[in-house]
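The sequence and model are shown first.

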Amino acid sequence: MNARTVHMALRGTSAALAVLAAAQVLLAGSFLSGHYAVLRWHMIAGFSMVVLALLQAVLVFLPGRRERPPSLAREGVILPVVLAAQGVLGVFRILELHVPIGVLMAVGAAHGAVWAWRTPLPAAKRKAGTQAAETQAVAA
């Protein structure tokens, strides 16, 4: 994998995490309004977020990491741990912590998606023969 492909994968995982975080907020609100059947979907979306965060934790250490901010590696490792802790808090119904941390995580997921989509993609590497041919064409 090259740095460009890794960054595109980071864009995908961060966008998916942001969408799932927004869905989590809607599902939690629906549950708190008395629609108890959505609690299952809230749990499934939460597990999906953990899987995506684990994938993203691997991606932050692949090629192109030197061009990314150093804090991204820390956040990439911390996010799956925090999401797993969120799951434990939710399962044990410790909503005093689960809800506010969930709101902060939704904001953080949106922030991560904004970073990934605002940061330009690394330049695509060209093959040496293609570059030489382009240079000759420009010189002629």
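What is the accessible surface of the chain, and what share of it belongs to carbon and sulfur atoms? In this predicted model, the accessible surface comes to about 9,200 Å², and carbon and sulfur atoms hold 71% of that area.

## Overall architecture

The chain contains 5 helices and 0 strands. Along the sequence, the pattern is α-α-α-α-α.

Of the 140 residues in the chain, 29% are buried. Among contacts with a separation of 6 or more, 67% are between residues 24 or more positions apart.

## Packing of H2 against H3

Helix H2 spans residues 38-59 and helix H3 spans residues 70-91. Their axes lie 8 Å apart, and the two helices pack at an angle of about 165°. Since angles over 145 degrees count as roughly antiparallel, H2 and H3 are therefore roughly antiparallel to each other. Their crossing is left-handed.

On the H2 side, the contact consists of Met49, Val50, Ala53, Leu54, Gln56 and Ala57. These residues meet Gly76, Leu79, Pro80, Leu83 and Ala84 in H3. By class, the contact of H2 with H3 has 9 nonpolar residues, 2 polar residues and no charged ones.

## Packing of H3 against H4

H3 also packs with helix H4, residues 95-118, at an angle of about 150° and with the axes 11 Å apart. That angle makes H3 roughly antiparallel to H4. The crossing of H3 and H4 is left-handed.

From H3, the residues in this contact are Leu72, Leu79, Val82, Leu83, Gln86, Leu89 and Gly90. Their counterparts in H4 are Leu97, His98, Ile101, Gly102, Met105 and Trp115. By class, the contact of H3 with H4 has 9 nonpolar and 4 polar residues, and no charged residues.

Leu79 and Leu83 of H3 meet residues of H2, and Leu79 and Leu83 also take part in the contact of H3 with H4.

## The setting of Gln86

Gln86 is located in helix H3. Is Gln86 buried or exposed? Its relative accessible area is 7%; because buried means under 20% relative accessible area, Gln86 is buried.

Leaving aside residues up to four places away in sequence, Gln86 touches Leu97, His98, Ile101, Gly102 and Met105.

Note on methods:
Residues numbered from 1 in each chain as written. Predicted model: local features only at pLDDT ≥ 70, side-chain atom pairs only at ≥ 80, totals over all residues. Heavy atoms only, no water. Helix = DSSP H or I, 4+ residues; strand = E, 2+ residues; numbered from the N terminus. Buried < 20%, exposed > 50% of the residue type's maximum accessible area, 1.4 Å probe, protein only. Contact = heavy atoms within 4.5 Å. Areas by Shrake-Rupley, 256 points an atom, 1.4 Å probe, with all protein chains shown as cover. Axes fitted to C-alpha atoms, helices over the stretch in contact; angles between N-to-C directions. Parallel < 35°, antiparallel > 145°, perpendicular 65-115°, else oblique. Left-handed = near helix turned anticlockwise from the far one by under 90°. Nonpolar A, V, L, I, M, F, W, Y, C, P; charged D, E, K, R; others polar.
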